[in-house]
Structure formats: structure tokens, C-alpha cells
Amino acid sequence: LFRSGDYDAELHLDGYLADFEFLSNQPDELIRRAEVLHQTHSGLTPAEADRKFLEKASSLELYGVHLFPVKDYDGRHVHIGISSAGLAVFGGFFPFLTTLRAIS
């Protein structure tokens, strides 16, 4: 959203973020919510916008975790997560991952 600049009702018509890919197979509700949030964060300097983004992102469970898809011994798809805290094995499908084992 930083590339869109401040919200401008004349430029940013409904659906203006429809071509922006936040997630693969993203739901339409995500786009609508992003457009509403864009309106509420108008007037921020680029530094303030970056700070708010990093504050929110760093509070997320998988912040700083690099995920790699792999298969376990039984052929099931899992993810290996690597972070500064160590390694973790996640089961399920992103973004609904469950920690199966952590190694620190």
C-alpha cells in the first residue's frame, strides 16, 4: 500500500487493490479490508507508515521465520521453519500452520 500513497477518493475507486496480490488465492474480503485500512492511515509520513507496518508485522507468530516446504518420512507435506530462535517443523497448510516440533 505504500506505493499507492495517501488515500484519494478520486483516484482510489472501489476495487483499486484488486490486482494487488497480498496472498495467493486471496479472498475478496481481504482486498476490501485493505482498502478500508488504507483510508484510515492517510497522512502518515513514509517513516511513520514503515514503523506502524513493522510494529504489526513483528507481533505475528511467523515473523522472521523462513518457511521451506518439505516432505516428512511418511510423504506428508510439512514446512521447516528457520529463524533466529532455531528450527521448527510445521504441519498443515499456510497460513494455518501448527508447530509439530521446535528445536532451539
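Pro69 is exposed, because its relative accessibility is 66%. Here, exposed means over 50% relative accessible area, buried under 20%, and partly exposed in between, with a 1.4 Å probe and protein chains only.

Before I go on, the ground rules. This is a predicted model, where local features need pLDDT of at least 70, side-chain atom pairs count only at pLDDT 80 or more, and totals for chains, interfaces and linings use all residues. Residues are numbered from 1 along each chain as its sequence is written, and side-chain values use heavy atoms, with hydrogens and water left out.

Back to Pro69. Pro69 sits in strand β1, residues 66-71. Helices (H or I, at least four residues) and strands (E, at least two) are DSSP runs, numbered from the N terminus. What does Pro69 touch, not counting residues up to four places away in sequence? Val78 and His79. Contact means heavy atoms within 4.5 Å. Ile80 is 11 residues from Pro69 along the chain, and their C-alpha atoms are 6.5 Å apart.

Next, helix α1, residues 28-40. It has 13 residues, so at 1.5 Å a residue it should span 18 Å; the end C-alpha atoms are 19 Å apart, which agrees. The expected span is 1.5 Å times one less than the number of residues. Ile31, Ala34, Glu35 and His38 are buried in α1. Down the helix axis, the buried residues fall within an arc of 100 degrees, so they line one face. That arc is taken over directions from the axis to the C-beta atoms.

His38 also meets His12. His12 lies in the segment before α1. With 9% relative accessibility, His12 is buried. Beyond neighbours within four places in sequence, His12 contacts Ser4, Asp6, Tyr7 and His38.

Now salt bridges: a side-chain nitrogen of Lys or Arg within 4 Å of a carboxyl oxygen of Asp or Glu. How many does the structure hold? Four. One joins Arg51 and Glu55, with the closest N and O atoms 2.9 Å apart. Both residues are in helix α2, residues 46-58, four residues apart, about one turn. Arg51 is partly exposed at 43%, and Glu55 is partly exposed at 47%.

Arg76 has two partners to show. Its bridge to Asp72 has closest N and O atoms 2.8 Å apart. Its bridge to Asp74 is 3.4 Å, N to O. Shared partners join Asp72, Asp74 and Arg76 into one network. Asp74 is exposed at 61%, while Asp72 is partly exposed at 25%.
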